[in-house]
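Good morning, and thank you for coming.

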Amino acid sequence: MRWLLVFLVTLGPGLAGDRVTFSDGAYSLEFPQGWEKSKAPTPDAEFARESPDGAVIISVNCDVIPENAVADMDAMAKASAKSYAEAIRFKGEAMISDGELDGCRAKFITLAPQEEDEGPIAMFAVFVDARKHLVRITATMSPQLGKETKDECLGDAYSFRRED
């Protein structure tokens, strides 16, 4: 979690790279130079990108929120944290926090092993209630990543923009 706090303090405009639009141009994310297109880990993902060192893969999903419905972000975050923990064999406690991205409510989920026996993989996910869509940005990574790669990964999520 410490690397998340460090990143939030140091995030700046220096992450210029490849801005990718999705959901018919409604939203976008920016990836640092060198991040490559990748096969998405789930068949329903809009797209995925992989870090140059292959240690991080980020996938993006976008689900329609029915008209007059409200996304239950708390329930989704809790259920997803449990599902992610099972998928990566994470034995620690998931951290879930509230936030905002480009004026939209967001939930941040972090599963970061602190000890070897807590699991071999870390995950970071962001759910964004973009009013018409629920955008899910999910990163799977090695918990031993260097600070620069972690910063790039989080910067991708924080670059979320509504384009319409």
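**An open sheet and a residue within it**

Three strands, in the order S1-S2-S10, make up an open sheet with antiparallel pairing. Its edge strands are S1 (17-22) and S10 (161-162), each of which pairs on one side only. Strands here are DSSP runs of E with at least two residues, numbered from the N terminus, and two strands pair if DSSP finds at least two bridges between them. In general, strands of a sheet pair through backbone hydrogen bonds, either parallel or antiparallel.

A word on the source. This is a predicted model, in which local features need pLDDT of at least 70 and side-chain atom pairs count only at pLDDT 80 or more, while totals for chains, interfaces and linings use all residues. Residues are numbered from 1 along each chain as its sequence is written, and side-chain values use heavy atoms, leaving out hydrogens and water.

Between S1 and S2 there are six bridges, in the antiparallel sense. Ser 28 lies in strand S2 (residues 27-32) and is the bridge partner of Thr 21.

Is Ser 28 buried or exposed? Ser 28 counts as buried because its relative accessibility is 0%, where buried means under 20% relative accessible area, exposed over 50% and partly exposed in between, with a 1.4 Å probe and protein chains only.

Which residues does Ser 28 contact, apart from neighbours within four places in sequence? They are Arg 19, Val 20, Thr 21, Phe 22, Ser 159, Phe 160, Arg 161 and Glu 163, where contact means heavy atoms within 4.5 Å.

Terms used. Helix = DSSP H or I, 4+ residues; strand = E, 2+ residues; numbered from the N terminus.
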